[in-house]
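Q: I have a model to look through and would like to go over it piece by piece. Can you put it up?

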Amino acid sequence: MTSSRNAFAIVTEWTGSHGLPNFIAVDDGDFAPAFDKALAEHEAEIEAIAENADAPDFQNTIIALEIAGDGLSRVSALFWNKAGADTNEAIQALEREIAPKMSRHYSKISMNAALFARVDALWEKRDSLGLSLEEMRVLERHWKGFVKSGAKLAHEQQQRLAAINERLASLGASFGQNVLADEKSWALYLSAEDELAGLPGFLKDAMFAAADARGEKGKYAVTLSRSIIEPFLTFSERRDLRESAFKAWVARGENGGATDNRAIVKETLALRTEKARLLGYSTYAAYKLDDTMAKTPEAVNGLLMQVWDKAVVQARREEEDLASLIAAEGKNHAVAPWDWRFYAEKLRAERFSFSEAELKPYLQLEKIIDACFAVAGKLFGIKAVPLTDVKGYHPDVRVFEIREADGTLKALFLGDYFARASKRSGAWMSSFQSQHKLKLKNGAEGELPIIYNVCNFARPAEGKPALLSLDDARTLFHEFGHALHGMLSDVTYPSVSGTGVSRDFVELPSQLYEHWLTVPDILKTYAVHFETGEPMPQALLDKVLAAQTFNAGFNTVEFTSSALVDMEFHTRDNVEDPMAVQAEMLARIGMPSSIVMRHATPHFQHVFSGEGYSAGYYSYMWSEVLDADAFAAFEETGNAFDAATAQKLKDNVYAIGGAVDPEETYKAFRGRLPSPEAMLKKRGLAA
């Protein structure tokens, strides 16, 4: 094993090309000793700040906190990237050990009385410190962080809170690993011609490649990767196979045995409630929403129910249409959840005269990546330069420089697009390094952002292009919108850099960016047939645009039910049986039996693989109210790339990070706060 000193150096001294980590040099065995040294180093830095004999000021306390722990940040960035995007048994074992250890470490910091006394003293006299707006936000963030982490509690309460946080960290790690285990362990292998009935070539190619990767050569695998399971449910003519695959998909985390997450959910909810009460909040939702745009559970549920009432009526109409199709085929079964996508695709093909299979040959992964970069160039004047000779953390990963129009290096971007068994499901953006301008202890004057996107698109067969669904293409744009939020950041302090904003504002830059995928000029240029190179025909383009709100009831019910259940869990005093509460809530709101939650509780990773989106899944819709209104600002000019509007967007949304209150920065861009009408219209749910 590498020595402790060398392991720390290898993991934290990023000597790779272009300032990247030296990914190839890092062994799994390096992480444990590197974490040990990084944690000890950070603890010593914190102690030095807390015990400083000089009176507290912004420089010796807040800035010192901002730059402390650089080594730990680097170890953590590499490790959590590995744990999410390319894990293995050794990494998973260490994750179960590191998650509670990190929780203990940060609990100790937040409950350091001498350190909090310094921060509290600055907060009490904040108006006399002559701070800039950004500095005031940074001070506020640190002070509130301490208070919400128990700095004002009695010692015994602090000890209990620390124990709760440590246990929650362990539970979150186990929850995510259990979902991944269920996804990896299940596959439906097909080979007979009738088993493949209805499946288009692109899907059979992806299934063939998936089977090959699992050692089942010559077969076709239905896996629980969304990029395979969803098109299989859309096109397979074998209802029995659709049912088998669907039931396996929705049962992740609920299969009994070692990977069952139901007990984890129950314990997690109980601990979250206890944590909130310790900190003086009536519910965990009230605790989580205290520093958001929504502010209260009542405001969240008000928006969700306003949308739900319209969505469920629309979904009932859609279900009637699908039932008519089933009856027309001479069948007498009701619309089951494994039928919806199949018959909705038939209805779309009938109503708009095109199918997903007809559209997909025009949505090549490579071209959609180019489209992402092109839109960023048109809006913000940046360009992506591929670094074909630079290695990422996995052979699939592509590396790019992001440069300003004058050639100035702005950021590094890594794209990791294909599904694999070592990668958790879903899509996300994260960073190895965030933008800031502070001088570090090593003498560096600030840092450039190093941002990465992770997706789970089906890997194509050898020699064939990767083809995306329209939803896949939107996902790519969505995650690149998050990446731009990190890469365009232009702030001084790390804690408010890029995506360091409130949870219900963070989805604005990503969801807004999705709008440019379907701008006609972009589709005409980048949606070209993978065989002929011909652009998408105008007639097909018109149909795609006309069909954007098709199936809106289904899509909105899927999402909103999940968000409502999340809020129900986190506003209750006690959840004895989470699955019973889920069923009770769905019955109360009138959930159609033909639709299921987008994320059922036992695999709801947004909410239970950590605290990130807990009592916060609603934020996608809250941000959607903002993004629909924000794109309307461009529509009102008659130009989707209006330069003046784009500059205001860059300055007040993408570059400002958390340096300004989100309400104020949105009003600086738009002149006012939005109402839900534009979002309802975008979803096809307006009256």
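Predicted model: local features only at pLDDT ≥ 70, side-chain atom pairs only at ≥ 80, totals over all residues.

Q: What does Lys310 count as, going by its relative accessibility?
A: Lys310 has 31% relative accessibility, so it counts as partly exposed. Buried is under 20% relative accessible area, exposed is over 50%, and partly exposed is in between (1.4 Å probe, protein chains only).

Q: Ok. Where does Lys310 lie?
A: In helix H14, residues 297-328. Helices (H or I, at least four residues) and strands (E, at least two) are DSSP runs, numbered from the N terminus. From Lys310 to Leu203 is 107 residues in sequence and 34 Å in space, C-alpha to C-alpha.

Q: New topic. In what order do the strands of the open sheet come?
A: The order is E3-E4-E5-E9-E6, five strands with mixed pairing. Two strands pair if DSSP finds at least two bridges between them.

Q: Which strands stand at the edges?
A: E3 (382-386) and E6 (428-433). Each has a single partner strand, so one side of each has no neighbour in the sheet. From one strand to the next, the twist averages 30°.

Q: And what packs on the sheet?
A: Helix H17, residues 365-380, which touches E3, E4 (398-404), E5 (409-418) and E9. Its direction makes about 145° with that of E3. Axes are lines fitted to C-alpha atoms, for helices over the stretch in contact, and angles run from 0 to 180 degrees between N-to-C directions.

Q: Back to E6. How does E6 pair with E9?
A: E6 and E9 (residues 450-457) are antiparallel, over five bridges. Met429 has Asn453 as its bridge partner, and Ser430 stands opposite Tyr452.

Q: Why is E6 largely enclosed?
A: Five of its six residues are buried, so the rest of the structure largely encloses E6.

Q: How many residues are in the largest nonpolar core?
A: There are 143, and those with the most contacts inside it are Leu476, Phe480, Leu484, Tyr513 and Trp516. A nonpolar core is a set of buried Ala, Val, Leu, Ile, Met, Phe, Trp, Tyr and Cys residues joined through side-chain atoms within 4.5 Å. Another core lies apart from it, with 34 residues, including Trp14 and Trp428.

Q: What is Leu484 in contact with?
A: Beyond its neighbours within four places in sequence, Leu484 is in contact with Ala376, Phe380, Ile382, Ser489, Tyr513 and Tyr654. Contact means heavy atoms within 4.5 Å.

Q: Now H3. How many of its residues are buried?
A: Nine of the ten residues of H3 (58-67) are buried. The cover over them includes H2, H4 (70-85), H6 (113-124), H7 (133-148) and strand E7 (436-439).

Q: At what angle do H2 and H5 pack?
A: About 5°, with the axes of H2 (residues 31-50) and H5 (residues 89-110) 11 Å apart. H2 and H5 are therefore roughly parallel; angles under 35 degrees count as that, over 145 as roughly antiparallel, 65 to 115 as roughly perpendicular and the rest as oblique.

Q: Last one: which loop holds Asn551?
A: The loop between H22 (538-546) and H23. Phi of Asn551 is near 70°, a positive value in a residue other than glycine.

Methods. Residues numbered from 1 in each chain as written. Heavy atoms only, no water.
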